[in-house]
Amino acid sequence: MEKTVNQKAWFLVLPVLLLVAFSAVIPLMTVVNYSVQDTFGNNQFYWAGLEWFKELLESERLHNALGRQIAFSMIILAIEVPLGIFVALNMPKKGFWASVCLVLMALPLLIPWNVVGTIWQIFGRVDIGLLGYTLDALGIAYNYTQDSFAAWATVVVMDVWHWTSLVALLAYAGLQSIPDAYYQAAKIDQASRWKVFRYIELPKMQGVLLIAILLRFMDSFMIYTEPFVVTGGGPGNATTFLSIDLVKMALGQFDLGPAAAFSLMYFLVILLISWVFYTVMTNLDKRDGV
Amino acid sequence: MADASLNKTASRGIALPKIKGNVVVMVLYLTFLLLPIYWLLNMSLKTNSEILGALTLWPNSLTFANYATILTDQTWYMGYVNSLIYVVLNTVISIAVALPAAYAFSRYTFMGDKHLFFWLLTNRMAPPAVFALPFFQLYSSVGLFDTHIAVALAHCLFNVPLAVWIMEGFMRGVPKEIDETAYIDGYSFGRFFVKIFMPLIASGIGVAAFFCFMFSWVELLLSRTLTSVAAKPISAIMTRTAGAAGQDWGVLAAAGVLTIVPGALVIYFVRNYIAKGFALGRV
Amino acid sequence: MAKITLDNLAHSYLPNPQSEDDYALKELNHDWVDGEAYALLGASGCGKSTLLNIISGLLHPSQGRILFNDRDVTSEPTAARNIAQVFQFPVVYDTMTVRDNLAFPLRNRGADASYIQDRVQHIAKMIGMEGELNHKARGLTADAKQKISLGRGMVREDVNALLFDEPLTVIDPHMKWELRTQLKSLHHEFGHTMIYVTHDQTEALTFADKVVVMYDGRVVQIGTPQELFETPAHTFVGYFIGSPGMNVLAATVDGSTAYIEGTEVDLGAGYSVPDGKVEIGVRPEFASLSSNGTGLPIKIRRVEDVGRHKIVRADFFENEINVIAGEGAEIGADMNRVTFEAAHINVYANDWRVEPMGTQASPAGEAA
C-alpha cells in the first residue's frame, strides 16, 4: 500500500515513544553510566572508563557463559525447528481434532516460566518424578543436580517441550495458507511427497519460519527462569547461561560496574546476531526473486 | 483423527497409510506435552506422604487439601489477584498506546519512521536480566516499587513493541480507501478510528492482547524484582513452599496447576484464532 | 489421447444424498470424443468444476464410472490417469525458475534431458516466455505465472486429456485472445482431447468444437455454437448464450399458431404440446420492429447503440422484449409492434424445447 507523507503522524506514535523511552532509555542510561564507573560502596563512584569492558572481554567466566549460551541456542533451534515443522505437517487440517491439537499445543506456551521449571524439576526427580523414576528403574544413571550431561539434557528437553509448539503453530499457519489447487497440481505433475514439501510447503512457510527462528533465537538467548528453577545454573556452572550469570553478578554479588558492562555487551550481541539472521534470511528471499 | 473429511480430496491408496502415521505422530507429541502437566496435576491431588512414598500413577488417596490451603490463605490467593491485576493493566496500556502508533506506521511516512520502528523492535530483544537492576532503582526512586503499575509498565518494554508490530501487520491489510471514504463522509479521526477502523481490525487487536497477556503472565524475573509484598505475583510466592521442614510438594504442585488455569481459559476462548494469531497476520 | 466415457455419473458433496437437489452433479452419461475440443459452459456453481475434478481424479464420484478408452479408471488416482489440468489461479512453484517449472512434470516422469530441453524450449516459445526461462517464478506478474501454468499443462505430449478450469480469468484481455488462439492451434497440432471450463460464452464459443452447457448440476445441451444459437434445447441456454439473451414469452400453442397475450403468432410448423408451462423463444436477432399494425403490441423503452447494431429494449405487458436492429435502421416513434421470423421461433414446454411435428430428431436435451 502506498503511504502518504505526514509529519503529524509523530503525534500518534508519541505515547509509545514516551512509554518505551521511560521504560527503556532511562534504565539503559543507568546501565551505561554504571558500566564506566567503579564504586567502593557509600555511593561514591569513580570514572573507570572502558576498564570493565576490557576486563570482561578477557574474562574466562564470560567466555564460558557465552559459549554455553550459543551452544544451547543452537541445539534447541536444531531440534525445535525441524520438529515443529514435522509436527505441523502431521496435524489434522480442520475439524474437531484440529482444534483439540491447537488448544493442547498452545498450553505450554501460557504456563508461567518458573512453573515450567517447577514442572520439570519435579518430573525429572528420581524419587518423585515420573521421568527420573522411569529412567532410574531402567538402570540409566540420571541425576540433573549432579551430572552435567543430565542437567543439559533436562534443560534442552524442557525447552523443546516448552517452545516446539510455537514453531509448529507458526508452520501450521503457513501450511493453512496454501490453496488446495497447489496440491492438486502437484498430484497431476506426479510430484513426490518430498518435492511437494520442498517446492510447495517449504516456500510457503518461509515467512513464518523466519519469525519462528528469530523469536526462538532471541528468547532462548535470554533464557533465565526455567533453567534457574531446575538447576540453579549447576551443577557447578554447567548450565549457567548469560542471563543467569548476569543476575548472579548484578543482584547476587552487586558488582554493578561489570554487570552493567556485561548487560550492554549482551544486548549488543543479541542485536547483532538477530540482525545477521534477519539479513541473511531476507537476502535469501531476494536472491530467489531474481 | 479428523481426516475422514480431509481425505475426500486426497488421493486414495497413497494417503491411507500416511493418515495412520499422522495420528501416531500427533499422539506421541501430545503425550510428550501433556505427561509433565499430568504429573503436576497428579501430585497436586496427593498427600505429601503419598508423594514421597512409592511412586503412584494416579492419586490413591485423593485429596483437595493442597488446593484448600491455597484458596483459604490470603497470602497465597492474593498472589493470583496481584498477577492478574498487573497482567490486565499491562494489556490495556500496551494496546491503548500501540493502536495509534500502529496506525501511524501502517498509513503514513514520516521522518525517522523506519528507525523508530526498528528501535521499538530492538526492545523486544532486550534481555529482562539487563533491565532488572535499573528498573529496580528507577521505580524505587519514583516511589513505584512494589506496585502493580510498576510491573505493568516494566512489561510494556517488550509488549508494546510486539503489539505495535502485530497490529501494524493487520492494519496494512485494511485498504486505505476505507479511511478516505470515512473522511469524505465527514467522520472525524477519532470517531472513524473507534467506530469504523477498530471493528475492522478486531481480530488483530485480539491477537495482540492475547500475546500481551501471555508474555506478561509468564514473566517472572521483572515482576519478582519489582515487588516485595503488596504486589507480589503468584509465581514469586510459589518459592516459599520450601520451608524448614522440607519442600511442601503437594501445595507447590497445586499452586502450579492453578497458574495454568488462566492460560488454559484464554486459549479455550481463542481456540479458533490460534493458528491465524500465531502467524501475526503475516502469512 | 483418449475417448472419455462418463457412465451413470453423479456426485454429491453430502455423505448421504436424499433427493436430487442434494447432488452437485446430476446423473450424466456422455462420451467425450477423442481429439475434440469441448467447452464446459455455465454460471458459477452449476457443477462444471465438480465434473472437471471428477474427470481428473481429484474428486471421487458418489456414483457411476469414468472410462478412458473403455478402461475403467474410476478408482485410479490422478497421477495414473495421465491428464493435465490448468487451474483458475496460477499455480507455479515459486522457488523454481520458469524453465524448471515447465520441465517439472517431465522430470517427475523420468523423461530424458535432451527431450526435456527441446520440449521446454518449444513450450516457452508458444507462451512467449523464452526470454524469462532462467528467472525465478516468484517475481513474475499474475498473468506471466498463469502462462507458466498453461505451459506446464501442455508440456507433456502423451496426455489423455487437457483440462482447463477457467484458466484465463487473471489474464489481460488482449493476451486472453492470443492465448486462446494458441490453445486452438495446439489442439489442431496435437489433437488432444480438451475440456475447457468457463462461464464466458465468448470464450466457449470461440474455443470449442462442441459446447456443453450446464445448468443446476445438469447438462442441458451439447452442441456446436450454431446449434446453441439457433435451437437452444433449454430456455437457460437461450438466456445464457447471446447478448442479449433469447426472448422467452408465455404462450398457448395450438398446431402451428401461438397465442401470446391474445395476439396470434405464426410458428411456421405444427406442434403437439404436452401439458405444463408453455413458452416460445425468439432471439432478438430474429425479431424486428414494425409500425404497420401487425405483430405484438410493444412500447419502446430504450435504444442502445453498441456500434455494430442497435439493441432495442421494449415493454410487452409485464415482459421485456429485446430486438436487434441494424446499425442503419431508423427507429421511429410510431414503431409499436414487433414481429418474429417464423422459422426461428422455438417452442418450450417446462423449459425444454419441443421439436416441431414431422422432424425425426429426438429432443437435443436428451442427448445429455
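These legends walk through several close-up views of a predicted model. Residues are numbered from 1 along each chain as its sequence is written, with chains lettered from A and ligands numbered from 1 in the order in which they are written. Because the model is predicted, local features need pLDDT of at least 70 and side-chain atom pairs count only at pLDDT 80 or more, while totals for chains, interfaces and linings use all residues.

**View 1. Chain B and its helices and strands.** Chain B holds 15 helices and three strands (DSSP runs, H or I of at least four residues for helices and E of at least two for strands, numbered from the N terminus). Of its 283 residues, 45% count as buried (20 or more other C-beta atoms within 10 Å of a residue's own, with C-beta atoms placed from the backbone).

**View 2. Where the two domains of chain B touch.** Domain 1 spans 3–65 and domain 2 spans 73–278, with bounds from an automatic or database domain assignment. Nine residues of domain 1 are in contact with eight of domain 2 (C-beta atoms, placed from the backbone, within 7 Å). On the domain 1 side, α2(B) gives the most, with five residues.

**View 3. Chain A against chain B.** Here 84 residues from chain A meet 87 residues from chain B. Helix α1 (residues 9–35) of chain A brings the largest share of the chain A side, 14 residues.

View 4. Strand β1 (residues 4–5) of chain A runs parallel to strand β1 (residues 108–109) of chain B, joined by two bridges (strands pair if DSSP finds at least two bridges between them). Look for A:Val5 opposite B:Thr109.

Conventions. Buried ≥ 20, exposed ≤ 12 C-beta atoms within 10 Å, placed from the backbone.
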